[in-house]
Amino acid sequence: MSLFQRKRTIMIYTITSATGQLGQKVIAEARKHLNSNEIRLSVRSPKKASQYVTAGIDVRAADYLDVDSMVEAWRGTDVLIYIPSISHPSIVRVPEFENSVIAAERAGVKHFIFVGFFADQVNSPFHMAAFFAYANTRLASAGFSYSIIKNAMYADPLVPYLPELIERKAVIYPMGNAKMSFVSREDSAEAIVKLAMLPALQGKTYVLTQERNYTMLELANLLSEVSGHEIGYQPVTVEEFAALYDQPKGFGVVLASLYQAGSQGCLDIVTDDFRTITGRQATDLKSYMIKNYQK
């Protein structure tokens with residue numbers, strides 16, 4: 001334990017959706033900087049987080065549809081890192097979030113960090129945009145201070161998707177000539193935890209991206225270089241994309257709407273917010289892919 005850790009005031013950082021893909025990254029990052037007794041996990045099924053109990057971390061059951069369970073799980077929290085569920089359609093998440101805000105107020109949460117997404121523009125056809133836009137504005141009337149982190153497209157899914165693209169010999173996103181920005185979950189987690197620990201940076205909205213965006217042809221060229229296989233760009237239609245990736249049932253339309261939003265310029269945002277929070281540049285897409293893709 002460092003001298004800094006021994007002298008600073010003990011705070012409680014509660015992480016929701018802790019067993020999800022981003023939640024696990026946030027926990028790993030939090031454990032680099034915090035003692036186990038400062039980390040609390042809010043999960044729907046504590047059995048799925050048993051390894052954290054073994055590590056001495058407080059794991060509490062909480063359901064976004066049960067206000068009382070969240071109040072009990074979040075009471076005494078200094079900073080709540082709120083990661084929404086992956087429920088769809090958009091309207092399903094609205095009552096979840098409304099319950100969460102009410103619970104955070106009743107529990108006396110001091111600061112609320114909402115982890116959102118950057119395709120939340122009022123003209124975005126992305127089917128989940130309405131939820132993120134609602135959440136952004138709902139926080140303004142809440143009885144606690146808050147920060148918002150909006151993630152760009154996650155780079156992570158490109159790794160398991162690359163073999164399919166190699167087989168297809170093409171990126172097929174229905175994006176046209178529009179550009180897309182990325183960030184890795186690992187980098188997002190680092191920024192989230194740093195923000196949670198730095199009150200001077202709180203109270204603002206941040207969009208986490210790498211230092212550049214990509215047209216689909218540029219993305220195809222990068223993936224060709226990483227994989228050693230020739231990959232071009234042959235976009236399918238929004239309808240074809242929805243049909244190709246409709247698992248679970250009904251998700252294809254939601255996913256396709258994201259790339260429809262991208263074709264309208266909703267996914268091309270680039271900021272320096274990651275550096276503002278962490279003091280370094282986000283890992284670039286090529287380096288991330290080279291590190292994580294095994295040929």
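**Close-up views of a predicted model**

**View 1. Strand 1 and its pairing with strand 2.** In this predicted model, strand 1 and strand 2 (residues 39–43) run alongside each other in the parallel sense, and four bridges make up their pairing. Within this pairing, T16 has S42 in strand 2 as its bridge partner.

**View 2. Strand 1 and its pairing with strand 4.** Strand 1 also pairs with strand 4 (residues 79–82), again in the parallel sense, this time over three bridges. Here T14 is the residue that stands opposite L80 of strand 4. Strand 1 itself, which spans residues 13–16, is covered on both of its faces, with Y13 and I15 buried on one side and T14 and T16 buried on the other.

**View 3. Helix 7 against helix 9.** Two packed helices are described by the angle between their axes and the distance between the axes. For helix 7 (residues 158–168) and helix 9 (residues 216–227), the axes come within 11 Å and cross at roughly 90 degrees, which means that helix 7 is roughly perpendicular to helix 9. The contact brings together L158, L162, L165 and I166 from helix 7 with L219, L223 and S227 from helix 9.

**View 4. Helix 7 against helix 13.** Helix 7 also meets helix 13 (residues 285–292), and the axes of these two helices come within 10 Å and cross at roughly 80 degrees. Helix 7 and helix 13 are therefore roughly perpendicular to each other. On the side of helix 7 the contact is formed by L158, V159 and L162, while helix 13 supplies L285, Y288, M289 and N292. The residues of this contact of helix 7 with helix 13 divide into six nonpolar, one polar and no charged.

**View 5. A220 and its surroundings.** A220 is a residue of helix 9, and because its relative accessible area is 0%, A220 counts as buried. Once the neighbours within four places in sequence are left aside, A220 is in contact with V171, I231, G232 and Y233. Of these contacts, V171 is 49 residues apart from A220 along the chain, yet the C-alpha atoms of A220 and V171 are separated by 6.0 Å.

Note on methods
Residues are numbered from 1 along each chain as its sequence is written. This is a predicted model: local features need pLDDT of at least 70, side-chain atom pairs count only at pLDDT 80 or more; totals for chains, interfaces and linings use all residues. Side-chain values use heavy atoms; hydrogens and water are left out. Axes are lines fitted to C-alpha atoms, for helices over the stretch in contact, and angles run from 0 to 180 degrees between N-to-C directions. Angles under 35 degrees count as roughly parallel, over 145 as roughly antiparallel, 65 to 115 as roughly perpendicular and the rest as oblique. Contact means heavy atoms within 4.5 Å. Buried means under 20% relative accessible area, exposed over 50%, partly exposed in between (1.4 Å probe, protein chains only). Two strands pair if DSSP finds at least two bridges between them. Ala, Val, Leu, Ile, Met, Phe, Trp, Tyr, Cys and Pro count as nonpolar, Asp, Glu, Lys and Arg as charged, and the others, Gly among them, as polar.
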